[in-house]
Amino acid sequence: MVSTTSNFRSTQLAFFGLALVCLTPLVSSPMALILGVAVASLGWIPKNINTAAVAKKLLAYSIIGLGFGIQLDQAIEASKSGIGIVVTSIFATLILGTLLTKWMGLDKKTGYLISSGTAICGGSAIAAVAPAIDAKDHQTSIALATVFVLNSVALFLFPVIGHLLEMSQHQFGVWAAIAIHDTSSVVGAAGAYGDEALITATTLKLARALWIIPVAFISALLFRQKGNKVAVPMFILFYCLAIGVAHLLPQFQQAYELIFYASKRALVLCLFLIGCGISAKRLKEAGPKPLILGVSLWLAISSGSLLYLMT
């Protein structure tokens, strides 16, 4: 009895300890997801905690907080200069993803989430679109796992390719913003390439992030059940409100930066909790199709945007 109680406390300490570490800069987004999967595999998740439910609520709050970090005028300005390639890449990826999902016989919602994450901004887009299409927890988990694996590869691979092709700072910045999924990896890859690339990539990626709003609305409409009204998650509206508040009341910029930073760390914790719902059995049941779809879309958007920029 004592041994059972001791083991229970040990697993709780391990779980909460790792969760707290995820709130620090020591843990990146992909690492948090991997930690969550490891915790699930080791059976360290306390039975009295519904990690999926907690992650769902925390994701919503995180997305709202990220809105305070969107510089509206800067994002609009960046959109003007790159509106063509931004809009084309987003909708081309969503259309191609839909066609490949159907052709491969992959679960429709899982395929759409992977396409959304590739088209816009990785985990944030998946988090926003998932409730709009009423996706199940396992569909969201598989989509996030797929996108973050590729996202991690891109962080290291893109600067190498950029130097090999002798891309200019501006070219690389645009390419990174278009073809790398998650904002943190876009910043990391572009920062490693140079200051000009970093500025270009960051502003253009923020402009792409604004497309979460219309894509979530469109997604809710596309996946509406017959006889049901279009259900747009409230946090999307609060996300828009946060952007508006930050724009109209710039005197509180320091507070917005703190909220934005806290939200980014909370998003990492969310990925840890989502990882806790990914088991070897579930991944085996999903099969290789989600990863094949993710790789196919990533190669398409990467090579297509690279060809456009180089010519």
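Trainee: Are H5 and H15 roughly parallel or roughly antiparallel to each other?

Mentor: This is a predicted model. In it, the axes of helix H5 (residues 108-119) and H15 cross at roughly 30° and come within 10 Å. H5 and H15 are therefore roughly parallel to each other.

Trainee: Is that crossing left-handed or right-handed?

Mentor: The crossing of H5 and H15 is right-handed.

Trainee: Which residues make the contact?

Mentor: On the H5 side they are Gly-111, Ile-114, Ser-115 and Thr-118. H15 contributes Pro-290, Leu-293, Gly-294, Leu-297, Trp-298 and Ile-301. By class, the residues of this contact of H5 with H15 divide into six nonpolar, four polar and no charged.

Trainee: How does H7 pack with H15, and at what angle?

Mentor: H7 and helix H15 (residues 289-310) pack at an angle of about 40°, and their axes are 9 Å apart. That angle makes H7 oblique to H15. The crossing of H7 and H15 is right-handed.

Trainee: Which residues meet there?

Mentor: From H7 come Ile-142, Thr-146, Leu-150, Val-153, Ala-154, Leu-157 and Phe-158. They meet Pro-290, Leu-291, Gly-294, Val-295, Trp-298 and Ser-302 in H15. The contact of H7 with H15 has ten nonpolar residues, three polar and no charged.

Trainee: Let us change topic. What is the volume of the second largest pocket?

Mentor: The second largest pocket has a volume of about 290 Å³. It is lined by 19 residues, and the closest to its centre are Ala-52, Lys-56, Leu-59, Asp-137 and Thr-140.

Trainee: Which elements give two or more residues to that lining?

Mentor: They are helix H3 (51-66), helix H6 (123-132), helix H7 (137-164) and helix H13 (253-275). H3 gives the most to the lining of the second largest pocket, with six residues.

Trainee: How many of the lining residues are nonpolar, polar and charged?

Mentor: The lining of the second largest pocket has eleven nonpolar, four polar and four charged residues.

Trainee: H3 and H13 both came up for the pocket. At what angle do the axes of H3 and H13 cross?

Mentor: The axes of H3 and H13 cross at roughly 155° and come within 8 Å. H3 and H13 are therefore roughly antiparallel to each other. Their crossing is left-handed.

Trainee: Which residues of H3 and H13 make that contact?

Mentor: H3 supplies Thr-51, Val-54, Ala-55, Leu-58, Leu-59, Ser-62, Gly-65 and Leu-66. H13 supplies Ile-259, Phe-260, Ser-263, Lys-264, Ala-266, Leu-267, Leu-269, Cys-270, Leu-273 and Ile-274. These residues of the contact of H3 with H13 divide into 13 nonpolar, four polar and one charged.

Trainee: One last topic, the backbone. Which loop holds Asp-134?

Mentor: Asp-134 is found in the loop between H6 and H7. Asp-134 has a positive phi of about 60°, although it is not a glycine.

Conventions. Residues numbered from 1 in each chain as written. Predicted model: local features only at pLDDT ≥ 70, side-chain atom pairs only at ≥ 80, totals over all residues. Heavy atoms only, no water. 1 Å grid on protein atoms, 1.4 Å probe; cavity = no way out; pocket = protein on both sides within 12 Å on 5 of 7 lines; lining within 4 Å. Points joined across faces, edges and corners; volume = space filled by probe spheres on them. Helix = DSSP H or I, 4+ residues; strand = E, 2+ residues; numbered from the N terminus. Nonpolar A, V, L, I, M, F, W, Y, C, P; charged D, E, K, R; others polar. Axes fitted to C-alpha atoms, helices over the stretch in contact; angles between N-to-C directions. Parallel < 35°, antiparallel > 145°, perpendicular 65-115°, else oblique. Left-handed = near helix turned anticlockwise from the far one by under 90°. Contact = heavy atoms within 4.5 Å.
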